[in-house]
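Hi,

Here is the structure I said I would pass on.

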Amino acid sequence: MREPLFESKDHKVVFFEELTPASAVQSNQVLIIHKDEGMLLDPGGHKVFSKLLSKISLYIPPDRIKYIFLSHQDPDIVASINGWLMTTKAQAYISKLWMRFLPHFGLDSQLEGRIKPIYDNGTVITLGEDCKIYILPAHFLHSEGNFQVYDPCSKILFSGDLGASLGQDYFFVEDFDKHIKYMEGFHRRYMVSNKVLRFWANMVRQLDIEMIVPQHGAIFKGKDMVNRFIEWVENLEVGVDLLTQDFYRVPQG
Ligand code: FE
């Protein structure tokens, strides 16, 4: 079993990267525990559900999961939400833009009351009496209603799809320049615009970040690596920045 990403007397951050089946896009899941309460980030789809449930049970009884955070509406984030609400007493937080889409993933109507909307400017929630967890706006990175989590107790930013990498065979980025090739294609297509990335960079520079943990791929550890990533995306042209009329032509039959 992998070491926790962070561990102190009252606070623990556990990271699961190995639960996705081979044909599915690799996804990371995270469990934050403060005192005797847990928060699960982007728990994922059906194929991950039972494996993740048994793994987290090694750290905390599932009925002590207080919050489930859903960064956006994609299936690798929310597809198993019905199962999670059945097996825990948690409240699940998702952008108000996506709340009414969840029943399409099989959410029972009796459980709908435990889905809580996150309004556009984000919020702060309390875990285990005194750890304030920041839900940061990250709209259009990539989803229209998109949030990230900053945990000041571990100084980790959970960045969702931003910072995602695919295809590398390591869990901590050692050489940023060599890592770019695993991130670049994804960011150029899935992120919306450089304008948004600059707003995001301005926001997160106000935070004391020791680690950035994306929802896919490798982790940026240490302030130097964190700053390298922020600088890189801040200067990256993505999404609509790169579009031309060539993308929008009627296909020839
Ligand atoms: Fe996504």
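Below is what turned up, starting with the metal site.

Keep in mind that this is a predicted model.

The iron ion takes its protein donors from H72 (NE2), D74 (OD), H142 (NE2) and D161 (OD), which lie 2.0 to 2.3 Å from it. Along the chain these donors follow the spacing H-x1-D-x67-H-x18-D. The two aspartates link distant parts of the chain: D74 is in the loop between β5 (65–69) and α2 (75–78), and D161 is in the loop between β11 (156–160) and α4 (176–190), 87 residues apart. Both D74 and D161 are buried. As for geometry, the site comes out as irregular, with angles of 80 to 169 degrees among its four donor atoms. For four donors, tetrahedral would need all angles between 85 and 135 degrees.

H142 is joined to L141 by a cis peptide bond, with omega at about 5 degrees. H142 sits in the loop between β9 (131–137) and β10 (147–151).

Two lysines are worth a click as well. K35 is not a glycine, yet it has a positive phi of about 50 degrees. You will find K35 in the loop between β3 (29–34) and β4 (37–41), and it counts as partly exposed at 32% relative accessibility. K155 has a positive phi too, of about 60 degrees, and is not a glycine either. K155 lies in the loop between β10 and β11.

K155 pairs with D208, the closest N and O atoms being 2.9 Å apart. That pair links distant parts of the chain, with D208 in the loop between α5 and β12 and K155 in the loop between β10 and β11, 53 residues apart. D208 is partly exposed, at 32% relative accessibility, and K155 is partly exposed at 32%. Salt bridges that share partners also join D36, E37, R64 and K66 into one network.

E37 lies in strand β4 and R64 in the loop between α1 (46–56) and β5, so the pair ties together parts that are 27 residues apart in sequence. E37 counts as buried at 15% relative accessibility, while R64 is partly exposed at 32%.

D63 and K89 form another salt bridge, 4.0 Å from N to O. Here D63 is in the loop between α1 and β5 and K89 in the loop between α3 (81–87) and β6 (91–95), 26 residues apart. K89 is exposed, with a relative accessible area of 61%, and D63 is partly exposed at 38%.

Next, helix α5 (residues 194–204). Its buried residues include N194, V196, L197, W200, A201 and V204. Seen down the axis of α5, the buried residues fall within an arc of 150 degrees, so they line one face of the helix. The face turned away from that buried side carries the exposed residues K195 and F199.

Last, the surface. V240, L243, F247 and Y248 form a nonpolar patch there, with about 420 Å² of accessible area together. V240 is in the segment after α6 (223–234) and is exposed, with a relative accessible area of 52%.

Cheers

How values were computed
Residues are numbered from 1 along each chain as its sequence is written. This is a predicted model: local features need pLDDT of at least 70, side-chain atom pairs count only at pLDDT 80 or more; totals for chains, interfaces and linings use all residues. Side-chain values use heavy atoms; hydrogens and water are left out. Patches are made of residues with over 30% relative accessible area and no salt bridge: like charges are joined within 9 Å, nonpolar side chains (Val, Leu, Ile, Met, Phe, Trp, Tyr) within 5 Å. Accessible areas come from the Shrake-Rupley method with a 1.4 Å probe; for residues, only the protein chains shown count as cover. A salt bridge is a side-chain nitrogen of Lys or Arg within 4 Å of a carboxyl oxygen of Asp or Glu. Helices (H or I, at least four residues) and strands (E, at least two) are DSSP runs, numbered from the N terminus. Buried means under 20% relative accessible area, exposed over 50%, partly exposed in between (1.4 Å probe, protein chains only). Donors are N, O and S atoms within 2.8 Å of the metal (3.2 Å for Na, K and Ca); water is not among the atoms, so sites may look incomplete. Four donors count as tetrahedral if all angles lie between 85 and 135 degrees; four count as square planar and six as octahedral if opposite donors are over 155 degrees apart and all others between 65 and 115; anything else is irregular. The arc is that of the directions from the helix axis to the C-beta atoms.
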